[in-house]
Amino acid sequence: MDTSSQDEEDCTFTNISLADDTDHSSRILYSKPKSLLPKMMNADMDAVDAENQVELEEKTRLINQVLELQHTLEDLSARVDAVKEENLKLKSENQVLGQYIENLMSASSVFQTTDTKSKRK
């Protein structure tokens, strides 16, 4: 295939009118090279689509990981709140028990302080 026939295959022709009349004899044909842009764009679009797909999958994975971590944080926060509440209950119970033991000790003669000076006299 010679270069002139190849150029003809790679070119499209556009009619440009040089006069306002409808006579076709005054038209000149200009050759306009066929664009390789659609082929390049398709290849580029495929590469961009593949890249976007990978990016989208990575974003989806990260979003799922963030959501999982948020749920874990919520669970841990709820657990901390439950432990704090249990701790307050136990402190309250310890205070009640401490007061009860103190009252028993003061009421019992076994735990009464003895005055050693008054007994010796």
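Confidence in this predicted model, given as pLDDT (the predictor's confidence in each residue, from 0 to 100), is lowest in helix α1, residues 3-10, at a mean of 48, and highest in α2, at 91. The chain as a whole has a mean pLDDT of 76, with 59% of its residues at 70 or more. Over residues 1-9 pLDDT stays under 50, and the model has three contacts there beyond four places in sequence, a contact being heavy atoms within 4.5 Å.

On conventions, residues are numbered from 1 along each chain as its sequence is written, and side-chain values use heavy atoms, with hydrogens and water left out. Because this is a predicted model, local features need pLDDT of at least 70 and side-chain atom pairs count only at 80 or more, while totals for chains, interfaces and linings use all residues.

Turning to the fold, the chain holds three helices and two strands, in the order α-β-β-α-α along the sequence; these are DSSP runs, numbered from the N terminus, with helices being H or I of at least four residues and strands E of at least two. Of contacts between residues at least 6 apart in sequence, 6% join residues at least 24 apart.

Buried residues (under 20% relative accessible area, 1.4 Å probe, protein chains only) make up 1% of the 121 residues. The chain exposes about 11,400 Å², of which carbon and sulfur atoms supply 57%.

Finally, I101 lies in helix α2, residues 37-107, and counts as partly exposed because its relative accessibility is 46%, where partly exposed runs between the buried limit and 50%.

Definitions and conventions: Areas by Shrake-Rupley, 256 points an atom, 1.4 Å probe, with all protein chains shown as cover.
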